[in-house]
Amino acid sequence: HLQYTRNMVTGASTANLALILVDVRRGVQEQTRRHAFIASLLGIRHMVFCVNKMDLEGFAEDRFNAVRNELGDFAGRLEVPDIHFVPISAQLGDMVVERGTNMPWYQGPTLMHLLENVHIGGDIDRIRRRFPVQTVVRHVGPDGPRRAILGRVAGGVVRVGDPVLVLPGGRESTVQRIFVGLGEVDECFAPQSAAIELADEIDVARGDMITGVVHPPTLTQDLEVMVCWSNDRPLRAGDRLLLRQSTAATPCLVKEVVYTMDINTLRKDERNTTIPANGIGRVRLRTATPVAVDSYARNRTTGSLILIDEATNATAGAGMVV
């Protein structure tokens, strides 16, 4: 499980809900804490602990309660607002899809009922407009040559007539036309891919971000980031890496390793100045050019980044802007 931390980070980065299996005979293991903490760190707002193999414990309510209490003590320290505990027997199917007859003492929903009814509509920021630019193409419209800006909405709603700001340049314009798929529309929203035409011929390129004039992201060269490090060589102050954030890419310098995290206790170790492979810690970065970012807690797209080893072009770590 320790070796698959990087896989967990990759998969959880786009998930809405984390489902964590716990063997009722063994209770909370290191891997349980690690995966739950990573899910919390990656902004997953819904978590279901499936206490499995209840049939091997005679479907005992007191055994489930003991594991649940142990899980609750740990999960209570995570920043996850929606947590559920479900006793199941995967082999027999109890509480997976149907309730079964072996655990009448459990009155909560089945696992499938939870998955089908979890509310994830509020997980995306619908207020702050974010449109990272993937590319700009020229085409011929009915009134002559035009430029279309292609990308995927990362937050908020983009409407025709909206005033917008293009970062990092800082130029302002107005949305003139929007295309989603093959049709012209009046608005687009996260997570739709779209093509936008602006009223003004301003310089826009891949890596820029179109935002609202109100509530713009932070434009900065200094970042504080929680990093899940996956490179075999430890991360330390002074390292130079390539930072990719949304569609932007820029070299960066690791100024300081602030602390590392102990997954089991959730304690911060400020004495450790390196982050080992599969380790998690907080670092300060300095980028060569300004980047437009939000905190990861506010927007998982504009607040996330990856760190790349420029010598090998391998992904060395994933980061969440604090």
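Strand 1 is the biggest contributor to the lining of the second largest pocket, supplying six residues. Keep in mind, as you browse, that this is a predicted model. The chain holds four helices and 21 strands, and 45% of its 322 residues are buried.

- The space in the second largest pocket comes to about 300 Å³.
- Its lining is made of 16 residues, and those closest to the centre are Leu21, Val22, Asp23, Gln31 and Thr32.
- Two elements, strand 1 (17–23) and helix 2 (30–41), each provide at least two of the lining residues.
- By residue class, the lining of this pocket has seven polar, six nonpolar and three charged members.

**The chain as a whole**

- The accessible surface of the chain is about 16,000 Å², and carbon and sulfur atoms own 48% of it.
- Among contacts with a separation of 6 or more, 68% are between residues 24 or more positions apart.

**Strand 21 and its partners**

- Why is strand 21 (residues 314–321) largely enclosed by the rest of the structure? Six of its eight residues are buried, so the rest of the structure largely encloses this strand.
- Strand 13 (residues 218–229) runs antiparallel to strand 21, and five bridges join the two.
- Ile308 has Thr315 in strand 21 as its bridge partner.
- Strands 20 and 21 form a hairpin with four residues between the strands, where Asn313 takes a positive phi near 65°.

- Leu167 and Pro168 are joined by a cis peptide bond with omega of about 10°.
- Pro168 sits in the loop that runs between strand 7 (163–167) and strand 8 (171–180).
- The bond from Ala190 to Pro191 is cis too, with omega near 5°.
- Pro191 belongs to the loop between strand 10 (187–189) and strand 11 (193–198).

- Phe59 has a positive phi near 55° although the residue is not glycine.
- Phe59 is located in the loop between strand 2 (46–52) and helix 3 (61–75).
- With a relative accessible area of 14%, under the 20% cut-off, Phe59 counts as buried.
- Met95, another residue other than glycine, has a positive phi near 65°.
- The loop between strand 3 (82–87) and helix 4 (111–117) is where Met95 lies.
- Met95 is buried, with a relative accessible area of 1%.

**Asp269**

- Asp269 belongs to strand 17 (residues 267–269).
- Is Asp269 buried or partly exposed? Its relative accessible area is 25%, so Asp269 is partly exposed.
- Leaving aside residues up to four places away in sequence, Asp269 touches Tyr259 and Thr260.
- Asp269 and Cys50 are 219 residues apart in sequence, and their C-alpha atoms are 31 Å apart in space.

Key. Residues numbered from 1 in each chain as written. Predicted model: local features only at pLDDT ≥ 70, side-chain atom pairs only at ≥ 80, totals over all residues. Heavy atoms only, no water. 1 Å grid on protein atoms, 1.4 Å probe; cavity = no way out; pocket = protein on both sides within 12 Å on 5 of 7 lines; lining within 4 Å. Points joined across faces, edges and corners; volume = space filled by probe spheres on them. Nonpolar A, V, L, I, M, F, W, Y, C, P; charged D, E, K, R; others polar. Buried < 20%, exposed > 50% of the residue type's maximum accessible area, 1.4 Å probe, protein only. Pairing = 2+ DSSP bridges. Contact = heavy atoms within 4.5 Å. Areas by Shrake-Rupley, 256 points an atom, 1.4 Å probe, with all protein chains shown as cover.
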